[in-house]
Amino acid sequence: MKKPRTRKHDAAEVNAKLPPPPRPPRPPRGQTLKRVRAKPDAVLIKAVKADGDDPTTSYATIAARLKEKVDLTSMGVTIERTRMTKAGNLLLEVGGKQPAPIALSDAITAAIGNLGEASVLQQKVAVEFRGVDVTANEDDVRNALRARSGEEPFRIGKMRRSPGGQKQVDALLSLRVAEALLFEGRMKIGWSTCKVRLKERSSRCYRCQGFGHYAANCTGPDRTKTCMRCGEDGHIAVRCNKTPSCPLCRDNGFKIDHISGGEACDSRKNKKH
């Protein structure tokens, strides 16, 4: 018995019937904060207690007034948890839309009057902006962050020159804003689009000026009287006008035309002492 003839399919026809291969996942831009443990935003309430008053009574009075005068629903705010701190103050852990703790703090201050004071507690992350325009200043950075994050509080460091002739500056931001900026990887400041990076904070010993350890377990040379700018003894870097000469890199055989622990310090990058 003859076998039935089968039609030969060319490769193009076979491939046309197959489902397209899945696309590889798109790599995320910028950086993430996987190493940073997120803490909830909070509002700290310090009660003003008269002589002989029980602190619990004071906070009970404040809590009753807050429930009466503060409308959490209209602000889109939720109180996730309340607890007393070790110092005896009332801590409200806040959830909801951002910037929830700031709006709640203002409402609490207006509601409790002279019974106490409220302050915002937010987790902060240090980031650095690289490639800032040479004509930009701290106000330009502040305006760019305000346009990006609203009136959320932040702290700006001092501008400093980078090796390429541009500027760079550090900023202390809330976790929410830092996550967004680090994921994007860039932000417009003045005339330039700058790179946004997580600020690296390594342990440093102020006995030997080295990195990667502290003075309690230091085995390096004693440089407590050595200037961190010029590498000489007898004065401190704040009062030094001499040419930069890194004492760490001098002893480790690297280039020395920079201050100890600066951006160009190879001893810092290699954690030498």
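Student: Which side chain puts a polar atom 3.0 Å from the backbone oxygen of alanine 136?

Tutor: That of lysine 167. A polar contact is a pair of N or O atoms within 3.5 Å; within protein, one must be able to donate a hydrogen and the other to accept it, and residues adjacent in sequence count only if both atoms are side-chain atoms. The backbone oxygen of valine 134 also lies 3.1 Å from a polar atom of the lysine 167 side chain.

Student: What should I know about the model before reading on?

Tutor: This is a predicted model: local features need pLDDT of at least 70, side-chain atom pairs count only at pLDDT 80 or more, and totals for chains, interfaces and linings use all residues. Residues are numbered from 1 along each chain as its sequence is written, and side-chain values use heavy atoms, with hydrogens and water left out.

Student: How many helices and strands does the protein chain have?

Tutor: The count is 8 helices and 10 strands. These are DSSP runs, numbered from the N terminus: helices are H or I with at least four residues, strands E with at least two.

Student: Where is lysine 167, and is it buried or exposed?

Tutor: Strand β8 holds lysine 167. Buried means under 20% relative accessible area, exposed over 50%, partly exposed in between (1.4 Å probe, protein chains only). Lysine 167 counts as buried because its relative accessibility is 15%. Across the protein chain of 273 residues, 34% count as buried.

Student: Which residues does lysine 167 contact, beyond its neighbours within four places in sequence?

Tutor: Contact means heavy atoms within 4.5 Å. Among the partners of lysine 167 are Phe129, Val134, Ala136, Met159 and Ser162. On the scale of the chain, 54% of contacts between residues at least 6 apart in sequence join residues at least 24 apart.

Student: Strand β8 also holds aspartate 170. Which side chain does the side chain of aspartate 170 meet in a polar contact?

Tutor: Arginine 160, at 3.1 Å. Beyond four places in sequence, aspartate 170 is in contact with Val127, Glu128, Arg155, Ile156, Gly157, Arg160 and Lys199.

Student: Where does glycine 157 sit?

Tutor: Glycine 157 lies in the loop between β6 (155-156) and β7 (160-161). Its relative accessible area is 26%, so glycine 157 is partly exposed. Its contacts beyond four places in sequence are Glu138, Val169 and Asp170. The C-alpha atoms of glycine 157 and glutamate 128 are separated by 9.4 Å, at 29 residues apart along the chain.

Student: Which residues of α6 are buried?

Tutor: Helix α6 spans residues 175-184, and its buried residues are Leu175, Val177, Ala178, Leu181 and Leu182. They line one face of the helix, because they fall within an arc of 160 degrees seen down the axis of α6. That arc is taken from the directions from the helix axis to the C-beta atoms. An α-helix has 3.6 residues a turn, so residues three or four places apart point the same way.

Student: What do the buried residues of α6 pack against?

Tutor: They pack against β5 (124-132), α5 (138-149), β8 (167-174), β9 (186-189) and β10 (192-198).

Student: At what angle do the axes of α5 and α6 cross?

Tutor: Axes are lines fitted to C-alpha atoms, for helices over the stretch in contact, and angles run from 0 to 180 degrees between N-to-C directions. The α5 and α6 axes come within 11 Å and cross at roughly 100 degrees. So α5 is roughly perpendicular to α6. Under 35 degrees counts as roughly parallel, over 145 as roughly antiparallel, 65 to 115 as roughly perpendicular, and the rest as oblique.

Student: Which residues meet there?

Tutor: From α5, Leu145, Arg148 and Ser149; from α6, Arg176, Val177, Ala180, Leu181 and Glu184.

Student: How do I read phi?

Tutor: Most residues other than glycine have a negative phi. Just after α6, glycine 185 has a positive phi of about 85 degrees. Glutamine 209, a residue other than glycine, also has a positive phi, near 70 degrees.

Student: Where is glutamine 209, and is it buried or exposed?

Tutor: Glutamine 209 is in the loop between β10 and α7 (247-252). At 2% relative accessible area, glutamine 209 is buried. Phenylalanine 211 is found in the loop between β10 and α7, and at 6% relative accessibility phenylalanine 211 counts as buried. The C-alpha atoms of phenylalanine 211 and serine 267, 56 residues apart along the chain, are 7.9 Å from each other.
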